[in-house]
Amino acid sequence: MKLTLGFSPCPNDTFIFDALVNNKIDTRGLSFEVMLEDVETLNQWALNGKLDITKLSYGTLPLVMDKYAVLNSGSALGKAVGPLLISKEEAIQDVEGSVIAIPGEHTTAHVLFSLAYPGAKNKIFMRYDKIEDFVIAGNGLGVIIHENRFTFEDKGLHRITDLGEYWEKETANPIPLGGITIKRLIEDEIKFKVDELIKASIEYAYEHHYKELTEYVKVHSQEMSESIMRKHIDLYVNHHSINLGDEGKNAIKKFIDIYQSTHTDIKISIEGLFV
């Protein structure tokens, strides 16, 4: 059986899926048509139900819960891993009055920024890897994610707010950034098998490739140095990636509760949320 599978070219995702999509583990009769795209493209595709299995921002999840359920393996959750609000200047007096570049309307970063700065209205949505240049050019502030967490200071930019830290203080939960979801219409036996295979793929990666990153990770790393790739993996792949557990699931439920409180026009049911 062939399933369509989408994830990002970021090192954490390629590290997770390498063994699965490159047949380094027994895929138990399943094969995958892989599509690598930035997370906001994957979010848009999820809104349309394009792929059988897809990475998405937890900021998009409330909008697609009628189509997709969350797998226990493959997620990016944790502490001290959240998006950062940055600026060109060292001190910003009026964040809510500034122009803010955000890496996609339906991203977790947008939800967290809106939680911290509910009065900010002048937002511009763009690809995450364009935001540093936007800020450097003096066009406004920016919310950065992924590897830009490790590079912004080298470019003379300044952190204003750690949005993940804000979330942690407000909720005492790890921050849910991105998850792996599967179409609800797929039969349960296949859902469980996919979940087990992603877990096995992560375990294989740690056992065989953590000390020496594979070409699959490197070729999609968008010219990052190997040290940045490793920082990326260490930050976003952890025990929650292997299995959400109760802590991870509770964090996701809390995220959905907060989303619902600020989007009262959307009716959300968490029934069957997890595989």
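With 275 residues, a compact globule would have a radius of gyration near 19 Å, and the protein chain agrees at 18 Å (taken over C-alpha atoms; the globule rule is 2.2 Å times the number of residues to the power 0.38). The model is predicted, so local features need pLDDT of at least 70 and side-chain atom pairs count only at pLDDT 80 or more, while totals for chains, interfaces and linings use all residues. Residues are numbered from 1 along each chain as its sequence is written, and side-chain values use heavy atoms, with hydrogens and water left out.

The C-alpha trace spans about 55 × 45 × 30 Å along its principal axes. Its secondary structure comes to 11 helices and 11 strands (DSSP runs of H or I, at least four residues, and of E, at least two, numbered from the N terminus). Buried residues (under 20% relative accessible area, with exposed over 50%; 1.4 Å probe, protein chains only) make up 57% of the chain.

Helix 11 (residues 245-262) makes a friendly case to look at in detail. Gly248, Ala251, Ile252, Phe255, Ile256, Ile258 and Tyr259 are its buried residues. They lie on the same side of helix 11, because they cover an arc of only 160° around the axis (from the directions from the helix axis to the C-beta atoms). Asp246 and Ser261, on the other side, are exposed. The buried residues pack against several elements, including helix 4 (108-116), helix 6 (163-171) and strand 11 (175-183) (contact means heavy atoms within 4.5 Å).
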